[in-house]
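Dear colleague,

Please find below the structure I promised to hand over. A summary of the findings follows it.

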Amino acid sequence: MRSLVICFLGIFLFGCETTEPEIQEAPQIFTHFEPNYEHQEQLAKTPDDAEPKTTHTTPQAAKKVIVKKRPPKTTDLWVHIANNLHFTIYQNRALNKRIDWYLKQPNYLRTVSKRAAPYLYHIVKKIEQKQLPMELALLPFVESDFRPTIASSQQAVGVWQLVGATAHHFGVKSDQWYDGRQDVLASTDAALDYLSYLHKRFDGNWLHALAAYNSGEGRVKRAIEKNKKRGKSTDYWSLKLPKETADYVPKLLALSYLVKHPQKGINRPKLSNKPITTQMNVGQQFDFSVIAKLSGVGSKQLHSLNQGYLKNQSSPNGPHTLLLPIGQEALLKSQFFKSNFAGEYIVKQNDTLYGIARRFSMSVSALKQLNDKQTNLIGVGEKLLVGQPKTLPKSLIVDYKISPYLEPQEVVIPTIEIDYEVKQGDTLWSISQLYDVPHSDLAKWNKLSASSVLKPGKQLVLFIPQAEQPKSAPIKKDLLLDLQKTLNQPW
């Protein structure tokens with residue numbers, strides 16, 4: 001009877017400690033994540049706690065898994081993210097320091113969320129499909145403030161800050177035409193695969209995995225082995241790691257806590273819990289200016305959404321996938337597209353084969369045949385081909401002898417030098433957009449790195465083409481009108 005009582009108390013205590021994430025007094029952290037909303041606790045000693053408390057349970061209680069109910073559906077993506085954050089966070093000095101940092105910048109999340117908006121829904125869905133912790137959706141905020149083209153001093157690039165070797169290992173393509181590290185969705189696939197690998201390598205400890213993502217697998221392994229030899233705890237908080245890595249995990253946990261509890265003082269943004277962009281597989285090499293004409297999306301916006309492409313053309317060898325605003329689907333709906341290009345459609349909640357076929361002017365049988373489907377069953381997130389590509393040589397490529405995008409060496413454009421005084425909130429990117437000059441050139445002119453932080457009052461020099469004024473769009477001859485009528489004629 002006594003053993004049964006002990007067992008019951010052990011199970012009861014275990015269940016009580018899997019409550020909603022709140023900051024607790026004990027400096028410990030919930031580091032283990034089980035998919036499908038199932039969690040088990042691992043206690044970790046921290047340097048701030050001289051005598052950490054421990055929990056003793058019977059073998060039966062240790063195997064007990066607490067099943068959490070799936071959070072209710074919501075129309076706000078940030079509420080959805082908050083409802084699915086499951087790391088239990090305990091108070092310590094490093095965490096409080098990062099929380100204070102965020103609270104001094106209450107509009108931080110809203111500002112960065114604007115940059116993340118075209119991609120965040122897709123990132124959340126990828127995390128859910130892989131059954132990973134929702135906390136990972138916040139990692140690009142910690143890594144790069146969600147800047148697709150930012151590069152670190154260690155040559156880590158993109159919102160996920162991937163170095164070349166890691167990106168290549170996990171299937172990200174990079175060449176003179178395209179850098180997949182700057183492609184937000186392509187780099188997301190690689191980063192999540194890498195994090196999944198690290199999670200397995202560190203025996204299911206997410207804090208070790210996150211530390212390794214920041215500073216390298218070998219460095220964290222050596223720190224763990226060093227503590228083992230000295231008889232010390234090997235939890236994340238006890239490891240001797242570089243300062244950047246020591247601050248890295250608390251920064252993510254602090255942001256996670258504040259997203260979960262915006263009433264603590266951070267302005268949590270609002271974002272519709274549905275995609276506002278869609279991926280399209282063009283199926284062949286394309287020119288941005290041509291796609292802009294066909295789709296009704298401006299070239300500037302296309303490049304902004306697809307910053308993995310380094311030129312005005314895609315590579316002959318691919319990839320040929322574009323992210324487009326869902327609100328501007330002229331290209332998807334046009335007969336020109338339906339006749340000539342491969343398209344991909346991602347199945348959404350309540351979709352049916354009949355509805356998808358009707359949307360793209362296809363028969364259900366043709367849609368099933370194109371996707372090699374034997375039944376009418378489809379799953380949310382499944383990719384369906386909705387068009388077959390035809391080979392149209394040069395149909396999407398502008399002859400650069402007549403292109404408005406002239407080779408730089410062919411034309412010498414006179415410029416004037418102007419001075420610009422940095423104002424509060426200015427960045428190299430915002431100034432480059434204001435004066436319509438390349439971001440990289442602005443940094444080069446002022447001997448700065450692409451990620452340099454500007455201080456108000458700093459003087460910058462810019463070289464502006466004499467014929468153009470700030471904020472004014474260049475006048476270009478409309479060479480692409482009636483493009484469909486001229487496809488059969490030589491360029």
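I begin with Phe 141, which touches Trp 78, Tyr 108, Leu 109, Val 112, Ser 113, Ala 116, Leu 120, Phe 146 and Leu 255, leaving aside residues up to four places away in sequence; contact here means heavy atoms within 4.5 Å. Please note that this is a predicted model, in which local features need pLDDT of at least 70 and side-chain atom pairs count only at pLDDT 80 or more, while totals for chains, interfaces and linings use all residues. Residues are numbered from 1 along each chain as its sequence is written, and side-chain values use heavy atoms, with hydrogens and water left out.

Phe 141 also belongs to the largest nonpolar core, which has 71 residues; Ile 81, Phe 141, Trp 160 and Tyr 213 have the most contacts inside it. Such a core is a set of buried Ala, Val, Leu, Ile, Met, Phe, Trp, Tyr and Cys residues joined through side-chain atoms within 4.5 Å, where buried means under 20% relative accessible area (1.4 Å probe, protein chains only). Helices supplying at least two residues each include helix 3 (77–83), helix 8 (184–201) and helix 11 (243–260). Helix 5 gives the largest share, eleven residues. A second, separate core of 13 residues includes Tyr 178, Phe 288, Ile 291 and Ala 292.

Helix 11 is largely enclosed by the rest of the structure, because 14 of its 18 residues are buried.

Overall, the protein has 20 helices and eight strands, taken as DSSP runs numbered from the N terminus (helices H or I, at least four residues; strands E, at least two). Buried residues make up 46% of its 491 residues.

With kind regards

How values were computed: Buried means under 20% relative accessible area, exposed over 50%, partly exposed in between (1.4 Å probe, protein chains only).
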